[in-house]
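This report follows a few local features of one protein chain and then turns to the chain as a whole. Please keep the sequence and the model at hand while reading.

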Amino acid sequence: MRSVSISGATVLLLFFASVFAVKGQEAYTVETITMPEGLTSETGGVDFLPDGRLVACFIRGEVMIYDPATKHWSVFADGLHEPLGVLALSNSELVVMQRPELTRIKDTDGDGRADVYENMTDDFGLSGNYHEFNYGPARDKKGNLFIALNTASPGGSVNQELRGRFNPLGRDLQQGLYEMYSVVPYRGWVMKLSPDGRLHPYASGMRSPNGLGFDLEDNLFVTDNQSDWVETSTLYHVEEGKFYGHPASLVWQKDWKGKSPLALPIKELDAMRTKAAVLFPQGIMANSPSQPLCDATAGKFGPFAGQLFVGEMNRDRIVRVMLEKVQGQLQGACIPFLDGHGLRKGNNRLAFAPDGSLWTGQIAYGWSGDIGIQRIVFNNKPPMDVYTMKLTNDGFDLTFTQPLNKTAASNPENYKFRSYFYKYQRKVKHEGADNTMQQDLQEVPVTGISISADQKKVSLKLGALKPGYVYELKLGGISSDEGTPLANKLICYTLNKLLNPADGNR
C-alpha cells in the first residue's frame, strides 16, 4: 500500500493558518486538510467508510483514503475517467460515478488497493461533448442507486463516433440560441439503478444537475444550475415520471412522438413541468449549487438535524435549506449557513463524518472555485440563527435557535421583505432579448408582528401573498436576549402554493 505522510512542520503551519473561530460565530470552526504532495486535488466525491476513514475521488482519476487519526493519505485506486461521485459500501468496496460508467471497485485481498473493477451500468449515451458530466450515486432505503446525467454544451461538439442512438431532435441549431442539448440517451435525466442491475429512466428536465441526496424521509433532491430554461438555480424534489423544465431531455421519453421538444410553446412546457421546491436567487443566495446533504447527525452538528445543507461553487458559502409540506408539496426557504470565515469556494461535495463534522470537497475545474478538502466542526455552542421559516395564511413564522431580544424583534424596521418571480424561458443571445432575472420586484411591508411567550418565534403579517414568488427577507439588528447577533441575516422563501385557509395558521 502506498501512503503519503505529512510532516510535523506542515501540520503546525496548517494549525495556525486555518483552525480558528470567528467572533459572533464561534459555533463552528473551519479546518483545512493537508493534501498529498503532487495531487491535483480537484474533488469529485467524498464519503466515509464504516471505520471512520474518508474516501475521496479526484477528477484526474485517483481514489484516495484519508485516516483522520493518523493524517495519512493512501491510494485506493487510480486511472478512472473524471469521477464525480463516490459511495462507500464497506471498508473495502466503493461505487464511483465516472464518465463512461458507474463502477464498483473492490479490494479483495486486503492490501488496501483496489483489484476488482466492475461495470455496474453504462446504459446511457456519450456524444463526446465535454459537458456530459455524470453525478451521483445516491442510495435510497430500498437499495436503489440514483445518478444524474448532464446535458451537452453548445460550446462543445458532437463526435462522429457515439455511444447510444443519435437523436437530432434533442438539439436546436437556430442561430442566436444558447441552449444545452441531449442527442444521446438519457442526457438531462435522473436515472435509477435497481438492485437487479437494470437502469431505469426516472425523471427528466435537468440541465446541469450537480448533486443528488435524500432527506430522512427518503425524498430525493437534486440541484440544477441557472441558465437556459433554468430561470435561477434550483433544488428539485424529484419524483418518478416528472419533468422539471429543460426540454431537450424529453426526446428520450418513452411515448415521445417525432417532434422537437425545444420547439414547443413555452406555455405548454411550463404547464408540463414540476417547479422547484426551493429557488436559489441568482447573485443573491447561490449561483452554482452542488450536492444537497441531509443532517442525519442527530444533533452532533448543531440544532439543524433533518435540514439540508447545499454546497455552492462560485463563492465561499454553504447554504442551509428548511422545507415544509404545503398542500401536499414540499417548498421552503434557503439561508446561508456559513459565509467565508476560512471556508473556500468550489464546495462541490459534502459528507458527514461519524463524529458529526461536515467535510467539504472543493473543485475549480476551469470555473470559479478552489481545490482541496475542508472540515467544519460544531463547537457545542448553539448558534444564533433562524431555525425555520414557515408559511402562514397572512405571512410567515420565523423560529430562532435562541430567545430574542424583544425590543429588536418587535421593530418592523428589522424586517425588510421584497418579492419577485423568475421567468421560465429560453436563453437568447441577441440585442434586446429579455433575459432579465427578477420579475415584478416589489417591496413588501410588514403590517403586524407578534412574539411567542418563549421569545423564539416571531409571526410576521404581510399584505397579500402571491404564489409563484420568492419572498426575500433581510433581517436587521436582531439579536438574542443575551445580545448575540444573528449569524445570517438573509433568507429566501419559495412560495409555490398558499396554505389552504381552512388549515389556519400554524
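Setting aside neighbours within four places in sequence, Thr388 is in contact with Gln307, Met322, Asp397, Leu398 and Thr399. The model examined here is a predicted one, and in it Thr388 belongs to strand β27, which covers residues 386–391. With a relative accessible area of 14%, Thr388 falls under the 20% limit and therefore counts as buried.

Across the whole structure, a search finds 25 aromatic pairs. Phe304 and Phe337 form another edge-to-face pair, in which the centres are 6.4 Å apart and the planes stand at 85° to each other. Because Phe304 lies in the loop between β20 (289–294) and β21 (308–312), whereas Phe337 lies in strand β23 (residues 329–339), this pair ties together parts that are 33 residues apart in sequence.

| Residue | Relative accessibility | Class |
|---|---|---|
| Phe301 | 0% | buried |
| Phe309 | 0% | buried |
| Phe304 | 0% | buried |
| Phe337 | 3% | buried |

**Charges over rings**

Aromatic rings also take part in contacts with charged side chains. The charged end of Arg171 sits over the ring of Tyr181, at 4.0 Å from the ring centre, and the charged end of Arg273 sits over the ring of Tyr424, at 4.1 Å from the centre of that ring.

**A sheet of four strands**

An open sheet is formed by 4 strands in the order β16-β17-β18-β19, with antiparallel pairing. Since β16 (212–214) and β19 (278–280) stand at the edges and have a single partner strand each, one side of each is left without a neighbour in the sheet. From one strand to the next, the twist averages 25°. Within this sheet, strand β17 (residues 220–224) and strand β18 (residues 233–238) run antiparallel and are joined by 5 bridges, and Thr223 stands opposite Leu235 in β18. In general terms, the strands of a sheet pair through backbone hydrogen bonds, in either a parallel or an antiparallel manner.

**The chain as a whole**

The protein chain has 3 helices and 34 strands. Its radius of gyration is 23 Å, close to the 23 Å that the globule rule gives for 506 residues, and the chain is therefore as compact as a globular protein of that length. Along the principal axes, the C-alpha trace of the protein chain spans about 65 × 65 × 45 Å. Of the 506 residues in the chain, 56% are buried. What share of the contacts between residues at least 6 apart in sequence joins residues at least 24 apart? In the protein chain that share is 62%.

Technical notes
Residues are numbered from 1 along each chain as its sequence is written. This is a predicted model: local features need pLDDT of at least 70, side-chain atom pairs count only at pLDDT 80 or more; totals for chains, interfaces and linings use all residues. Side-chain values use heavy atoms; hydrogens and water are left out. Rings of Phe, Tyr and Trp (its six-membered ring) pair if their centres lie within 6.5 Å; planes under 30 degrees apart count as stacked, over 60 as edge-to-face and the rest as tilted. Buried means under 20% relative accessible area, exposed over 50%, partly exposed in between (1.4 Å probe, protein chains only). Helices (H or I, at least four residues) and strands (E, at least two) are DSSP runs, numbered from the N terminus. A charge sits over a ring if NZ of Lys or CZ of Arg is within 6 Å of the ring centre and within 35 degrees of the ring normal. Two strands pair if DSSP finds at least two bridges between them. Axes are lines fitted to C-alpha atoms, for helices over the stretch in contact, and angles run from 0 to 180 degrees between N-to-C directions. The radius of gyration is taken over C-alpha atoms; the globule rule is 2.2 Å times the number of residues to the power 0.38. Contact means heavy atoms within 4.5 Å.
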